[in-house]
Amino acid sequence: MKKTLKITIVFLIVILLFQSRIYGRNNPYNIAQGGNTYYQTVINTKELAIPIFEKMRSYLYYNLGGISVSYPYVLDLVTPEYLDQMAPATYKGMEVGLYTFEKNYHHIYIINNLAVDQFLGTAAHEYAHAWQTENCPLNQNIVLKEGFADWVAYKVLQMDGAINASQNIFYRSDPVYGKGFKIILSIEDRGGIQAVLDYVKTTP
Ligand SMILES: [Zn+2]
């Protein structure tokens with residue numbers, strides 16, 4: 001009995017050492033390049049992506065009016081080239097995320113190697129589109145659609161303390177995302193989160 005216990009302990013230590021070597025080799029936060037070690041924080045595996053995605057979902061559910069979806073969702077990390085193949089012509093080379101609804105599944109595609117904050121904002125933006133599919137008029141104006149999705153990303157980034165990333169959304173001035181975001185923000189200023197949700201649920 002004693003002997004078995006000793007063997008078990010040795011075995012566990014070996015596994016731990018082995019695990020830490022694997023971790024060290026694949027650790028995305030510490031990548032050696034050209035003889036230098038530099039630090040980066042990027043999302044390039046499902047293992048890194050899923051906890052951040054789930055954190056985003058709980059922010060929405062508990063702090064943003066109970067936003068959640070009923071249909072199942074699939075999250076995929078893809079290359080920028082793959083995303084370009086699926087993106088509308090106008091957005092080629094610009095998109096970092098994409099949402100589609102196929103065969104009763106929400107599909108969320110996010111390009112790999114995004115910084116953590118950018119991943120969090122993109123995940124929130126695309127998940128907002130999934131929520132719209134279930135709750136908003138299908139023919140909804142693109143300005144409202146993208147403005148709301150950016151507002152959701154903005155709120156999540158603020159909740160997470162990612163102020164710089166949230167400010168990037170705040171200062172967008174393009175005629176779709178930027179304009180739509182400002183419309184939604186002014187509705188929130190007047191009536192709060194619930195007023196925003198009521199508005200996007202009923203306005204085409
Ligand atoms: Zn969008």
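Predicted model: local features only at pLDDT ≥ 70, side-chain atom pairs only at ≥ 80, totals over all residues.

**Reading a sheet and its helices**

Me: What holds strands together in general, and which way can they run?

Reply: Strands of a sheet pair through backbone hydrogen bonds, and the pairing is either parallel or antiparallel. Here you can see both. Strand β4 (residues 73-78) and β6 run parallel and are joined by six bridges; Tyr-73, for example, is partnered with His-106 in β6. Strand β5 (residues 97-102) and β6 run antiparallel, again with six bridges, and Leu-98 stands opposite Tyr-109 of β6.

Me: In what order do the strands of the sheet lie?

Reply: The order is β4-β6-β5, an open sheet of three strands with mixed pairing. β4 and β5 are the edge strands, each pairing on one side only. Neighbouring strands of this sheet are turned against each other by 20 degrees on average, direction ignored. Helix α4 (residues 116-135) packs on the sheet and touches β4, β5 and β6, and its direction makes about 160 degrees with that of β6.

Me: Is strand β6 largely enclosed or open, and why?

Reply: Count how many of its residues are buried, taking buried to mean 20 or more other C-beta atoms within 10 Å. In strand β6 (residues 105-111), five of the seven residues are buried, so the strand is largely enclosed by the rest of the structure.

Me: How many residues lie between β5 and β6 in their hairpin?

Reply: Two residues lie between them, and Lys-103 in that turn has a positive phi of about 50 degrees.

Me: Now the helices. Which residues of helix α6 are buried?

Reply: In helix α6 (residues 163-170), the buried residues are Ala-165, Ser-166 and Ile-169. Looking down the axis of α6, you find its buried residues within an arc of 100 degrees, so they line one face of the helix. Ile-163 and Asn-164 are exposed on the other side of α6. The cover over the buried residues includes α4, α5 (142-159) and α7 (177-202).

Me: At what angle do α4 and α5 pack?

Reply: Their angle is about 135 degrees, and the axes are 8 Å apart. Angles over 145 degrees would count as roughly antiparallel; α4 and α5 are therefore oblique to each other. Their crossing is right-handed. Residues making the contact include Leu-120, Ala-124 and Ala-128 of α4, and Phe-148, Ala-149 and Val-152 of α5.

Definitions and conventions
Residues numbered from 1 in each chain as written. Buried ≥ 20, exposed ≤ 12 C-beta atoms within 10 Å, placed from the backbone. Helix = DSSP H or I, 4+ residues; strand = E, 2+ residues; numbered from the N terminus. Pairing = 2+ DSSP bridges. Axes fitted to C-alpha atoms, helices over the stretch in contact; angles between N-to-C directions. Contact = placed C-beta atoms within 7 Å. Arc of directions from axis to C-beta. Parallel < 35°, antiparallel > 145°, perpendicular 65-115°, else oblique. Left-handed = near helix turned anticlockwise from the far one by under 90°.
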